[in-house]
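Subject: Structure for your review

Dear colleague,

Please find below the structure that I promised to hand over, and after it an account of what was found. I would be grateful if you read the two side by side.

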Amino acid sequence: MMVPMTTTLAIANQKGGVAKTTSVASIGAALAELGHSVLLVDLDPQACLTFSLGIDPEDLELSVHHVLTKGLDPTEVIVETDDGVSLMPATIELARAEADLLTRTGREHVIRSLVEDLAEKDVHFDWILLDCPPSLGVLTVAALTAADGVLIPLQCETLSHRGVGQLLDTVHDVRRFTNRALAVWGVLPTLYDGRTTHARTVLETISETYQLDVIEPPIPKTIKFAEAPAAGRSILRTSRTSKGAVAYRAVAANLVKRAAV
Ligand code: ADP
Ligand code: MG
């Protein structure tokens with residue numbers, strides 16, 4: 001019998017505003033459209049992913065921090081969303097989890113344990129996408145420790161490469177100490193303005209400097225993204241045919257190809 005595989009991806013960049021959360025929501029919705037089962041995990045105490053999928057963190061009694069710090073059964077926290085994906089939501093309490101975990105043995109492994117607990121309970125997802133907070137702290141390291149691969153959303157501006165080096169140093173440490181199997185799947189150009197040669201030059205410089213694959217196609221900058229979170233749905237549902245939605249579907253299809261090899 002074939003054992004179904006789960007691909008766990010961390011979407012990470014310690015810079016805020018580079019479309020980590022937007023990418024998690026949109027790629028998740030696109031994978032669901034392709035018939036895959038998807039779990040999104042909100043690892044940012046700001047809970048933007050949770051909000052953007054139509055759930056008010058203030059209404060939640062249980063959230064991801066109960067799983068990470070109190071050992072709650074992860075299945076008790078998962079909620080279904082209108083986008084056809086499952087979500088492990090966050091609340092502001094997750095900010096305290098970061099501090100609590102700092103003194104705990106095995107803190108790097110808390111998310112890996114969560115993923116393993118789900119598998120042991122026969123709760124299967126084809127994809128688990130981890131929406132990392134804008135820091136290289138405990139939660140991001142724990143996400144990288146749990147992941148098969150990392151995607152780095154990148155806004156192609158002059159100074160954006162400075163953070164990439166630091167992030168790759170962290171990836172290197174994670175590979176040495178907690179997760180040898182972690183692979184960098186590549187940078188995902190976001191908020192991309194292809195009309196400027198500047199964006200293309202920055203992208204080429206970064207991918208050459210750090211020898212990183214570029215995940216195609218780039219996600220164009222479009223006003224439609226500003227409207228989606230307020231609707232509690234991803235852009236794939238609020239603006240089905242916009243060029244942003246089309247680009248995220250193509251990215252998702254490429255990720256599926258990559259996972260299959
Ligand atoms: P992060 O999670 O990295 O902090 P977000 O996904 O929250 O970033 O995105 C930051 C802001 O940029 C949000 O207001 C979002 O709506 C907007 N945004 C994301 N992607 C695009 C895009 N392709 N075009 C225009 N705005 C975008
Ligand atoms: Mg975010």
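**The ligand site**

The side chain of lysine 20 has an N or O atom 2.9 Å from an oxygen atom of ligand 1, a polar contact in the sense used here (a pair of N or O atoms within 3.5 Å; within protein, one must be able to donate a hydrogen and the other to accept it, and residues adjacent in sequence count only if both atoms are side-chain atoms). Before going further, please note that this is a predicted model, in which local features need pLDDT of at least 70 and side-chain atom pairs count only at pLDDT 80 or more, while totals for chains, interfaces and linings use all residues. Residues are numbered from 1 along each chain as its sequence is written, chains are lettered from A and ligands numbered from 1 in the order in which they are written, and side-chain values use heavy atoms, with hydrogens and water left out.

Backbone atoms also take part: an N or O atom of the alanine 19 backbone lies 3.0 Å from an oxygen atom of ligand 1, and one from the backbone of threonine 222 lies 2.9 Å from a nitrogen atom of the ligand. On its own, ligand 1 has 570 Å² of accessible area, of which the protein covers 75% (areas come from the Shrake-Rupley method with a 1.4 Å probe; for residues, only the protein chains shown count as cover). There are 13 residues around ligand 1, and those that come nearest are Gly17, Lys20, Thr21, Thr22 and Pro220 (a residue is near if one of its heavy atoms lies within 4 Å). Helix H1, residues 20-33, gives the most to this shell, with three residues (helices, H or I with at least four residues, and strands, E with at least two, are DSSP runs numbered from the N terminus).

**The sheet**

Seven strands form an open sheet with mixed pairing, in the order S3-S4-S2-S5-S1-S6-S7 (two strands pair if DSSP finds at least two bridges between them). Its edge strands are S3 (79-80) and S7 (183-190), each of which pairs on one side only.

Strand S2 (residues 38-42) is mostly covered, with five of its five residues buried (buried means under 20% relative accessible area, exposed over 50%, and partly exposed in between, with a 1.4 Å probe and protein chains only). In a regular strand the side chains alternate between the two faces of the sheet. In S2 both faces are covered, with Val38, Leu40 and Asp42 buried on one side and Leu39 and Val41 on the other. S2 pairs in the parallel sense with S5 (residues 127-131) over five bridges, and leucine 39 stands opposite isoleucine 128 there. S2 also pairs in the parallel sense with S4 (residues 86-88), over three bridges, where the bridge partner of leucine 39 is serine 86.

Proline 133 sits in the loop between S5 and helix H6 (138-146) and is buried, with a relative accessible area of 5%. Leaving out residues up to four places away in sequence, proline 133 touches Asn13, Lys20, Leu43, Asp44, Pro45, Leu139 and Thr140 (contact means heavy atoms within 4.5 Å).

Helix H6 is largely enclosed by the rest of the structure, because nine of its nine residues are buried. Threonine 145, in this helix, has a relative accessibility of 0%. A polar atom of the threonine 145 side chain lies 2.7 Å from the backbone oxygen of valine 141, and a polar contact of 2.9 Å joins the side chains of threonine 145 and threonine 178.

**Backbone points to check**

Glutamate 216 and proline 217 are joined by a cis peptide bond, with omega about -5°, and proline 217 lies in the loop between helices H8 (197-209) and H9 (224-231). Aspartate 122, in the loop between helix H5 (110-120) and S5, has a positive phi near 60° although it is a residue other than glycine, and it counts as exposed at 70% relative accessibility. Leucine 191, in the loop between S7 and H8, likewise is not a glycine and has a positive phi of about 50°; leucine 191 is partly exposed, with a relative accessible area of 30%.

With best regards
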